[in-house]
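Subject: Handing over a structure, with notes

Dear colleague,

I am passing this structure on to you, and I have set out below what was found in it. Please look through the sequence and the model before reading the notes.

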Amino acid sequence: MNLSKKINSKKLIVKSYEQIARSNLRKEKYNQALNFYNKTLKLALEINDNSTIGKCYLAKGVIFNFKGELKKSQEFYFKAMPIQKKNNDNLSLGHIHNNIGEIYKTYADYKKAIKFYNEALKYYRNCNNINGIITVYGNFGEIYIKTNNYSKSLEYFLKCLKLAEENNSEDKIADAYNYLGEIYKFQEEYEKAINYFKKSLEISENYIRTERKANSYYHIGEVYFEKKQYGISLEYNYKALRLLEDIGNKIKIIEIYLAVSRIYVMKNKFKDGINFLQKSLEMSEKINDKQSIASTNYTYAFCYFKMAEYEKAINFAEKSYIMGRKLKSPLIIQKSSKILSESFAIKKDFQNAYKFEILHSKLKDSLKSKYKIKKLTELELKYIFDKDKIDRRKKFKNVEKREKIYRTSFIIGVIAFIIIMTLIYISYSSRKKSFRIIDEKNKFMEEINKEINRKNDILENQKKEIEEQSEKQKKLNEQIFEDNIKIENQKVSILSRNEELEKQKEEISNKNLFVESQKLELEKAMIELKKKNEKIILQNAEVQQQKEEIFAQTKNLQEANEDIIIKNEELEIKQKLIEINNKNIIDNINYAKKIQLEVLTQKETIKKTFPYSFIFSKEKNIVSGDFPWFAENQTKIFFAAVDCTGEGIAGALISMIAENVLNEIVYRKKIFSSNLILKEMHKDVQRILRQKESDNYDGMDISICVMDKKKKILEYSGARSSLIYIKNNKTYLIKPDRLAIGGFIKNKKREYKRHEISFDKNTLFYVFSDGFYNQFGGEKGRKLLLKNFKKLLFEIHRNSLEKQGELLKIKFKNWTGKQTKVDNVLVIGIKTDFKDNYKFKSIYNWKNKTILVAEDNLMQFMIIKTIFKETEAIILNAKNGKEAVEISEKNQDICLVLMDLQMPIMDGYTALTIIKKQRKTLPIIVQTMATNSNEKTKSFQAGADDYITKPINRKELLSTVGKYLYIFYSIINLIF
């Protein structure tokens, strides 16, 4: 930029401004980016640079889109469109049409959105931009989710994932996982949803894309909300909100406001819920986001319904219902209908209640139809099957390729080490969660069995009732038969009487009344018989209906039993998967331990200086956060016992940071006072872990000693970790400051005391973590305590140092017994009869020389940096080839580049070719796992000066680098 201004070249100034603006946009610094794009546009218009003008309009559209100012964003996209058509810039035209489509999607104008997405797809295909095609497919999928077409949505999302995997685009794979998670969230497949969101989050950790990371947090929070785990849901939503407020993405912020308000309503914190709803409605109306306005109105309705304010609930639910119909959103219509139905029912307006209940039920059934779930499953299985089929075909084609894949997979395993270490901790928790799920499902099955037994008892009772009714029916039939016989007998008697009447006409008149009365009785009897027959017919119908119900219940029970068998099989499969995952986890942890041992200070290093010493360590898990540290220069010896926060992988990760920070302070910053080392270490740990901005409070306890070789004085400072020393047959304990290294305590400065102790060659010093004396054990199962640990050290101090280590090991084993180990254990014992082994080789004295290490694997970078620490060189790190090019171009002090070949974004071959064009005399040494001659030939063709293989050999690395450093400076001296 300064050079461009000096030579007054407007073209170069425009280019510089654009590069600065683009850099700020990538870093999501939107205000700074907008400022530089305005400067770029002003100059570009003056010199009539159409290409840059079009790019500026497009970039301004993107910035205003992220800021939620959609009208402004749309205005700049339409300005950019004709200019980029003249420039025939297919890629920019693809971005423009895609982004306009996203705006119409926000307005819920899906027809226009689809139209612009189709145009974007054409332009991306013209320039063969795979990332653009993936993005459009994802947008299509999101529209089909909003219109409740899940099978179509899944089809597009699987296309995204397939393309992203084929092109090894982790960035887009993460987007595809988020899309798939959304589908399964809507279909209430919560475990699958969380799995996909967490996969996306793991990939997002490696990129700047704050928006996607926030999106993953939000979706995970939504799933936990559906699972009624409101505390966890709130935690994830606030994580997302903090990230989004930093970049000012209003559309996403509205979603978080709605999610947080729903959580507070479910927790009956209505005031907090309404506060977030007001924020959501104001912001939604400002940017005219109709979908969000409808969702906010529904959430208001839900809140007032929970508060028993039914008039307000109906008012907001009706608004949401009307907007849902306009947007053609079945989900909003269904939710609003439910609130309206229940509110009208409480107000005894049963006509409206029934109307909305029918609508709610229909939509609920359609949204959760078995067909749709089945369709999704079929699509997913088809994708997995097709993917496996392609993989098998590729493997069968070329045996050499398969061997190369094995080597590459090993490289990827090393490169992904940090990710694996982070996932291990999560995997432990997910394993516990899996066992909890299995227990819950077993309980669920027991409840189903109890329900089946209860229903069997009901069936038995019904059976008995049917048999009793059958007996009653038999008795009724017998009674009818007897009544019929009586009627026949009565008829016969009537006939005989008639005959007698004919014979005795005189007696008829006297008996007429009697006969009439008998007729009436007969008629009554006939009526009663008819009624009894009708009752019998009804009872037969009821019995038949009961038989049908019993048959249906029996069928349902059979289906339930089949479901139980299927679920048992699924549980067995999951159990096997858990066992496989556990084995993989243990293998990864063992490998992590191997790398940790290579990086951290080794016992042999300390033994060379202190031949009379011991280190007793006992890990609670395979890897530990407790470690010894040692350093030496011409006048001083440094040693420390470090106890890092956390156990297992978490502690091991912090231990790597602690080792690196201590080396930086002593070797690079030249700080030698024990108290100042701790103070500086606290600042560095806070800075590395970003503890002032994040919720991370990890840190460490440490006791550090600095021995002056000539003065025979030892300095000690402690951060929650004591020092014990024995001199002239007396034991002394120096207590530490009660302030740990790391963590964030408001208004609390970290100042540490410095203690000076004179010593002779028979003085014994002990530094240790709290794991030994905090261990439960003994007959009463109590802690050993520090005072007893001090006595123990005095009891064994007359033995040799090696023997002392053995005795501590035996004591710890006997004390612990069958008790569970509560923490890692570290005890370092040193007798001050030391050997001065420090010999600084002047050949490797590279003070103030800058070396760039292009390495995306943090662990490999730390190993290389540790090797370079004695040289006092300035070490820079580039995590990909693109960063390496940018750093080497900006920093002219770099005198050598150590280049990894396999890196993301831009590989090592491309990067070293570009750097060599920029700086021909700059030495570049390639370092990679590959050892075949093709790799070497390809590296030298690209411009490499030398080639070393991994794992890195210290002697080879230093001698190779030294050779080129001297050549480089000789050339520089000749030139100048």
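In the protein chain, residues 24 or more positions apart account for 65% of the contacts with a separation of 6 or more, where contact means heavy atoms within 4.5 Å. This is a predicted model, in which local features need pLDDT of at least 70 and side-chain atom pairs count only at pLDDT 80 or more, while totals for chains, interfaces and linings use all residues. Residues are numbered from 1 along each chain as its sequence is written, and side-chain values use heavy atoms, with hydrogens and water left out.

The protein chain holds 33 helices and 18 strands, these being DSSP runs numbered from the N terminus (H or I with at least four residues for helices, E with at least two for strands). Of its 976 residues, 46% are buried; buried means under 20% relative accessible area, exposed means over 50%, and partly exposed lies in between, using a 1.4 Å probe and protein chains only. The chain exposes about 53400 Å², of which carbon and sulfur atoms supply 51%, the areas coming from the Shrake-Rupley method with a 1.4 Å probe.

Two helix pairs come next. Helix α3 (residues 30-46) packs against helix α4 (residues 50-66) at an angle of about 155°, with the axes 9 Å apart; the axes are lines fitted to C-alpha atoms over the stretch in contact, and angles run from 0 to 180 degrees between N-to-C directions. That angle makes α3 roughly antiparallel to α4 (over 145 degrees counts as roughly antiparallel, under 35 as roughly parallel, 65 to 115 as roughly perpendicular and the rest as oblique). The crossing of α3 and α4 is left-handed, meaning that the near helix is turned anticlockwise from the far one by less than a right angle. Among the residues that make the contact are Y30, A33 and L34 of α3 and T52, I53 and C56 of α4. By class, this contact of α3 with α4 has 14 nonpolar, 3 polar and 1 charged residues, where Ala, Val, Leu, Ile, Met, Phe, Trp, Tyr, Cys and Pro count as nonpolar, Asp, Glu, Lys and Arg as charged, and the others, Gly among them, as polar.

For helix α5 (residues 70-86) and helix α6 (residues 90-106), the axes come within 9 Å and cross at roughly 155°, which makes α5 roughly antiparallel to α6. The crossing of α5 and α6 is left-handed, and the contact includes L70, S73 and Q74 of α5 together with S92, L93 and I96 of α6. This contact of α5 with α6 has 10 nonpolar, 7 polar and 1 charged residues.

Helix α29 (residues 858-868) is mostly covered, with 10 of its 11 residues buried, including M859, F861 and K865.

Some single residues follow. Y300, in helix α16 (residues 290-306), counts as buried because its relative accessibility is 6%. Leaving aside neighbours within four places in sequence, Y300 is in contact with I274, L277, Q278, L281 and F316. N675 lies in helix α26 (residues 674-688) and is buried, at a relative accessible area of 17%. D945 sits in the loop between α32 (933-942) and β18 (946-949) and is partly exposed, with a relative accessible area of 29%. D945 and I924 are 21 residues apart in sequence and 5.5 Å apart in space, C-alpha to C-alpha.

With best wishes
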